[in-house]
Amino acid sequence: MATNRPLRRTEASAYLLETHGIERKPSTLAKFAVVGGGPRFRRAGRIPLYAIADLDAWAESLLTPSAATTTEHDCLRRTAE
């Protein structure tokens, strides 16, 4: 998906899956918009719009550092807490 325009919620959901392998339904993004924890967005009237850069930053924030084993991941998680 090569575009610089903001994406509507359905497009943002598809972009996250296609680009980052992160599956979040449009309804989940809508819930995040109410309770927090999702990607940043703007509104054009009632229409939520997501910038590609904000989706990429949010997706990156979900990822752990790379590790060679699950044990290494557990150690990385414990040092981050």
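Read along the sequence, the protein follows the pattern α-α-β-β-α-α, with four helices and two strands in total. Helices here are DSSP runs of H or I with at least four residues, strands are runs of E with at least two, and both are numbered from the N terminus. This is a predicted model, in which local features need pLDDT of at least 70 and side-chain atom pairs count only at pLDDT 80 or more, while totals for chains, interfaces and linings use all residues. Residues are numbered from 1 along each chain as its sequence is written, and side-chain values use heavy atoms, leaving out hydrogens and water.

**Overall shape**

- The radius of gyration of the protein is 15 Å, whereas a compact globule of 81 residues would come near 12 Å. That quantity is taken over C-alpha atoms, and the globule rule is 2.2 Å times the number of residues to the power 0.38.
- Along its principal axes, the C-alpha trace spans about 45 × 30 × 20 Å.
- Of the 81 residues, 19% are buried. Buried means under 20% relative accessible area, exposed means over 50%, and partly exposed lies in between, using a 1.4 Å probe and protein chains only.
- Among contacts with a separation of 6 or more, 42% join residues 24 or more positions apart. A contact means heavy atoms within 4.5 Å.

**The nonpolar core**

- The largest nonpolar core has 11 residues: L7, A12, Y15, L16, I22, L29, Y50, I52, L55, W58 and A59. Helices α1 and α3 (52–62) each supply at least two residues of this core, and α3 gives the most, with four residues.
- Such a core is a set of buried Ala, Val, Leu, Ile, Met, Phe, Trp, Tyr and Cys residues joined through side-chain atoms within 4.5 Å.
- As general background, nonpolar side chains tend to be buried together in soluble globular proteins.
- Y15 is a core member found in helix α1, and its relative accessibility of 6% is why Y15 counts as buried. Y15 and D56 are 41 residues apart in sequence, yet their C-alpha atoms are 9.4 Å apart in space.
- I22, another core member, lies in the loop between α1 and α2 (26–35). I22 is buried because its relative accessible area is 9%.
- Not counting residues up to four places away in sequence, I22 touches L16, L17, W58, A59 and L62. I22 and E60 are 38 residues apart in sequence and 10 Å apart, C-alpha to C-alpha.

**Aromatic pairs**

- A search of the whole structure finds two aromatic pairs. In one of them, the ring centres of F41 and Y50 are 5.7 Å apart and the planes are at 40°, so the pair is tilted.
- Rings of Phe, Tyr and Trp (its six-membered ring) pair if their centres lie within 6.5 Å; planes under 30 degrees apart count as stacked, over 60 as edge-to-face and the rest as tilted.

- The structure holds one salt bridge, in which the side chains of E11 and R5 meet at 2.6 Å, N to O. The criterion is a side-chain nitrogen of Lys or Arg within 4 Å of a carboxyl oxygen of Asp or Glu.
- E11 has its place in helix α1 and is partly exposed, with a relative accessible area of 24%. R5 is also partly exposed, at 42%.
- E11 and F32 are 21 residues apart in sequence and 16 Å apart in space, C-alpha to C-alpha.
- R9 is found in helix α1 (residues 9–20). R9 is buried yet has no salt bridge, and the nearest side chain of opposite charge, E11, is 11 Å away. Lys and Arg count as positive and Asp and Glu as negative, while His and the chain ends are not counted.
- Leaving aside neighbours within four places in sequence, R9 is in contact with P26, L29, A30, A33, P48 and Y50.

**A buried serine**

- S13 lies in helix α1 and counts as buried because its relative accessibility is 12%.
- Leaving aside neighbours within four places in sequence, S13 is in contact with R24, K25, P26 and L29.
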